[in-house]
Amino acid sequence: MRKLLLATSAALTLGALPSVSMADVAFNIGAFTEYRYRAISQTRFKPAVQGGADFSAGGFYLGTWASTIKWIKDGGGDSDIELDLYGGYKGEIAKDLSYDVGVLKYIYPSHKLAVSPNTLEIYGAINSGPFVAKYSHSTSNLFGFSDSKGSGYLDLAATFEIADGWSATPHLGYQKVKGRGNGIYSYTEYALTVSKDFSGVVFSAALIGASVDKVAGVPAYVSPKGKNLGRGSVVLGLKYNF
């Protein structure tokens with residue numbers, strides 16, 4: 001399988017950051033019944049362990065995140081880890097209207113694939129109340145797709161607080177893969193996530209799926225056993241924020 005999306009390295013200099021006394025550091029670790037990225041299974045429907053760390057100060061932020069994966073080895077490579085590095089800046093435009101801009105690098109250590117899956121994206125988002133619109137643009141080839149520089153991903157979502165720590169997040173996304181012959185890998189995807197925060201321990205259940213094209217009768221995103229990696233399914237997760 002060839003993957004389509006994720007990542008960042010932060011190009012912020014230390015001297016540009018505000019005083020550490022104003023900074024905030026947070027960590028998270030979790031386990032999920034599978035890892036879906038933009039609705040495509042990265043673990044062949046198998047469980048994944050994930051974790052990350054975030055630093056923020058005065059609107060600037062830096063972070064890292066990692067997950068176990070299977071798709072690189074399924075494609076003949078030799079990496080079972082995805083490592084993301086990112087950084088950016090969040091600011092306010094007006095009351096209840098804010099923005100977020102940044103850069104994200106997806107790294108697959110020692111992948112050993114002929115075409116590198118490592119990907120660099122820049123992104124920008126507008127937030128208004130519970131709604132967010134975000135666009136990500138690849139400045140490198142996208143997850144191992146040849147000649148795919150300039151691919152884009154549009155993400156529309158909202159988060160609604162229900163009651164007593166419960167929230168619901170509907171989401172709709174579109175992944176465009178540029179390049180000759182890559183159009184069949186473009187797709188629309190969706191998710192509806194319900195979560196509950198138990199004092200830092202977050203339980204989530206998400207219905208996720210993607211509408212992918214077929215190539216000679218086979219889904220564009222397919223497991224070694226011929227299963228559609230974008231098929232609709234429910235993903236359960238448990239994450240601890242500290």
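**Figure 1. Polar contacts of the Ser-79 side chain in the predicted model.** A polar atom of the Ser-79 side chain lies 3.1 Å from the backbone oxygen of Pro-109 and 3.2 Å from the backbone oxygen of Ile-81. A polar contact is a pair of N or O atoms within 3.5 Å; within protein, one atom must be able to donate a hydrogen and the other to accept it, and residues adjacent in sequence count only if both atoms are side-chain atoms. The model is predicted: local features need pLDDT of at least 70, side-chain atom pairs count only at pLDDT 80 or more, and totals for chains, interfaces and linings use all residues. Residues are numbered from 1 along each chain as its sequence is written, and side-chain values use heavy atoms, with hydrogens and water left out.

Figure 2. Ser-79 is found in the loop between α1 (71–74) and β6 (81–94); helices (H or I, at least four residues) and strands (E, at least two) are DSSP runs, numbered from the N terminus. Ser-79 counts as buried because its relative accessibility is 3%; buried means under 20% relative accessible area, exposed over 50%, and partly exposed in between (1.4 Å probe, protein chains only). Leaving aside neighbours within four places in sequence, Ser-79 is in contact with Ile-69, Ile-72, Lys-73, Tyr-108, Pro-109, Ser-110 and His-111, where contact means heavy atoms within 4.5 Å.

Figure 3. In the bridge between Glu-34 and Arg-36, the closest N and O atoms are 2.9 Å apart. Glu-34 is buried, with a relative accessible area of 5%, and Arg-36 is buried as well, at 11%. Arg-38 forms a salt bridge with Glu-121, with 3.1 Å between the closest N and O atoms. This pair links distant parts of the chain, 83 residues apart: Arg-38 is in the loop between β2 (36–37) and β3 (40–41), and Glu-121 is in strand β8 (residues 119–128). Both Arg-38 and Glu-121 are buried.

**Figure 4. The salt bridge between Lys-112 and Asp-78.** The closest N and O atoms of Lys-112 and Asp-78 are 3.6 Å apart. The pair links distant parts of the chain, with Lys-112 in the loop between β7 (97–107) and β8, and Asp-78, 34 residues apart from it, in the loop between α1 and β6. Lys-112 is exposed, with a relative accessible area of 63%, whereas Asp-78 is partly exposed, at 39%.

**Figure 5. Aromatic pairs.** The structure holds 14 aromatic pairs. Trp-71 and Tyr-108 form an edge-to-face pair, 5.4 Å centre to centre with 75° between the planes. Rings of Phe, Tyr and Trp (its six-membered ring) pair if their centres lie within 6.5 Å; planes under 30 degrees apart count as stacked, over 60 as edge-to-face and the rest as tilted. Trp-71 is buried, with a relative accessible area of 2%, and Tyr-108 counts as buried at 1%. The rings of Tyr-106 and Phe-143 have centres 4.9 Å apart and planes at 65°, so this pair is edge-to-face. Ring pairs link Tyr-37, Trp-71, Tyr-106, Tyr-108 and Phe-143 into a cluster.

Definitions and conventions
Salt bridge = Lys/Arg side-chain N within 4 Å of Asp/Glu carboxyl O.
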